[in-house]
Amino acid sequence: WFMNNVSIDVAERTMYKVRIAFAEDVHGGYERSNNMLGAYSEIIKSTNPNSYSLVSVYTRKSASLFLY
């Protein structure tokens, strides 16, 4: 009875922040993903001889290019 009769008003922005925080906890954020690029590139090279990976990273201040 109690759970069916209680409502909580939450701001849409708050729900967005919670959703993003949860997704980062489950899947990892950009930092974790970027740290895994080198390992992923090595897997590509080990399973596909004569291949390489090219990673472009753009920020507001600079751009970087990595060849693995």
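## Reading a salt bridge and a surface patch

Reply: By the rule used here, the count comes to one salt bridge. Keep in mind that this is a predicted model.

Me: Okay, which residues form that salt bridge, and how far apart are the closest N and O atoms?

Reply: The general idea is to look for a Lys or Arg side-chain nitrogen within 4 Å of a carboxyl oxygen of Asp or Glu. Here K45 pairs with E42, and their closest N and O atoms sit 3.3 Å apart.

Me: Where do K45 and E42 lie?

Reply: Both are in helix 3, residues 37-47. They're three residues apart, about one turn of the helix.

Me: And why does K45 count as partly exposed?

Reply: You read that from relative accessible area: under 20% is buried, over 50% is exposed, and partly exposed is in between. K45 comes out at 30%, so it's partly exposed. E42 lands in that class too, because its value is 44%.

Me: Let's zoom out. What pattern does the protein follow along the sequence?

Reply: It goes α-α-α-β-β, with three helices and two strands.

Me: How much of the protein is buried?

Reply: Buried residues make up 7% of the 68 residues. The protein exposes about 6,700 Å², and carbon and sulfur atoms supply 57% of that.

Me: Which residues form a nonpolar patch on the surface?

Reply: For a patch, you want nonpolar side chains joined within 5 Å, each residue having over 30% relative accessible area. In this model V6, I8, V10 and M15 form one, with about 370 Å² of accessible area together. V6 sits in the segment before helix 1 (12-27), and its 40% relative accessibility makes it partly exposed.

Technical notes: Residues are numbered from 1 along each chain as its sequence is written. This is a predicted model: local features need pLDDT of at least 70, side-chain atom pairs count only at pLDDT 80 or more; totals for chains, interfaces and linings use all residues. Side-chain values use heavy atoms; hydrogens and water are left out. Helices (H or I, at least four residues) and strands (E, at least two) are DSSP runs, numbered from the N terminus. Buried means under 20% relative accessible area, exposed over 50%, partly exposed in between (1.4 Å probe, protein chains only). Accessible areas come from the Shrake-Rupley method with a 1.4 Å probe; for residues, only the protein chains shown count as cover. Patches are made of residues with over 30% relative accessible area and no salt bridge: like charges are joined within 9 Å, nonpolar side chains (Val, Leu, Ile, Met, Phe, Trp, Tyr) within 5 Å.
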